[in-house]
Amino acid sequence: MVEEIRKVIQELLLKVSGLYCVLITDRDGVPVLKVLTDKAPELATRPAFLSTFGLAIDQGSKLGLGKAKTLICTYSQYQIVQMNKLPLVISFIASDTCNTGHILGLEKYIEPLLANLTVAVADTQ
Amino acid sequence: MEKQLDRVMDDVLSNPGVIGCVFADHQGLCLGAKGKASTDSAGIIGAITDQAAKLEPQHKSPVIVLENDTRTCIIQRSGTITGAIYKNI
């Protein structure tokens, strides 16, 4: 099952130029599935970085605009797009010039794959 | 803030045969969509333009026309903005 999901995500990685990796983690940043290219920055794939998403969306929810769905952070060399699929979080790490809209468009391809993983994570919590 | 773009989109839609339009910025994020056009297409439209521009780097802003039996989609970038217009054939 995981191998099938990995294969689909690997194909998506090739479709978006400048996309370095896709990580599916739980809310604490613990990786459930990692699909990396060799250009992926190692520091950004660690739980210490990925778990900040949970804190950020908690704060974002206080803006009164409803539940936060997506968080986009643009840095000088990279951009990180994180999607709220609690109990899972999907993180995309890409170059700063990568097409953000194209990354957001991947949501509809990845979402159907998450059902089984969500059950697995929900069972352990 | 987006009144001007709204007006442009209304103008585009008032042309005969036009059924929808969508505009994206340089990051592929949707600026606006009207008619039978999805905001989800904005990223793809930007990516298509980027790839098509690589075919002839010395020429700027190619016009890309995608066509099926019933509809055409015309895409062009102007500056940082990419627009796509959907038309019935």
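User: Is A:Tyr78 buried, exposed or partly exposed?

Analyst: A:Tyr78 has a relative accessibility of 24%. Buried means under 20% relative accessible area and exposed over 50%, with partly exposed in between (1.4 Å probe, protein chains only). So A:Tyr78 counts as partly exposed.

User: What kind of model is this, and how is it numbered?

Analyst: Residues are numbered from 1 along each chain as its sequence is written, chains are lettered from A and ligands numbered from 1 in the order in which they are written, and side-chain values use heavy atoms, with hydrogens and water left out. Local features need pLDDT of at least 70, side-chain atom pairs count only at pLDDT 80 or more, totals for chains, interfaces and linings use all residues, and the model is predicted.

User: Which residue of strand 2 of chain A stands opposite A:Leu23?

Analyst: Strand 1 (residues 19-26) and strand 2 (residues 31-36) of chain A are antiparallel, over 5 bridges (strands pair if DSSP finds at least two). They form a hairpin with 4 residues between them, and A:Gly29 in the turn has a positive phi of about 85°. Opposite A:Leu23 stands A:Lys34.

User: Over which ring does the charged end of A:Lys15 sit?

Analyst: A charge sits over a ring if NZ of Lys or CZ of Arg is within 6 Å of the ring centre and within 35 degrees of the ring normal. A:Lys15 is 5.7 Å from the centre of its ring. That ring belongs to A:Tyr109.

User: Which residue does a cis peptide bond join to A:Leu86?

Analyst: Most peptide bonds are trans. At this one, omega is about 10°. The second residue is in the loop between strand 4 and strand 5 (88-95) of chain A. It is A:Pro87.

User: What is the phi of B:Ser61?

Analyst: B:Ser61 is in the loop between helix 2 and strand 3 (63-67) of chain B. It counts as partly exposed because its relative accessibility is 31%. Most residues other than glycine have a negative phi. B:Ser61 is not a glycine, yet its phi is positive, at about 45°.

User: How many bridges link strand 4 and strand 5 of chain B?

Analyst: Strand 4 (residues 71-78) also pairs with strand 3 of chain B, antiparallel, over 5 bridges. In the hairpin of strand 4 and strand 5 there are 2 residues between the strands, and B:Gly79 takes a positive phi near 65°. B:Gln76 stands opposite B:Gly83 in strand 5. Strand 4 and strand 5 (residues 81-88) are antiparallel, and their bridges number 8.
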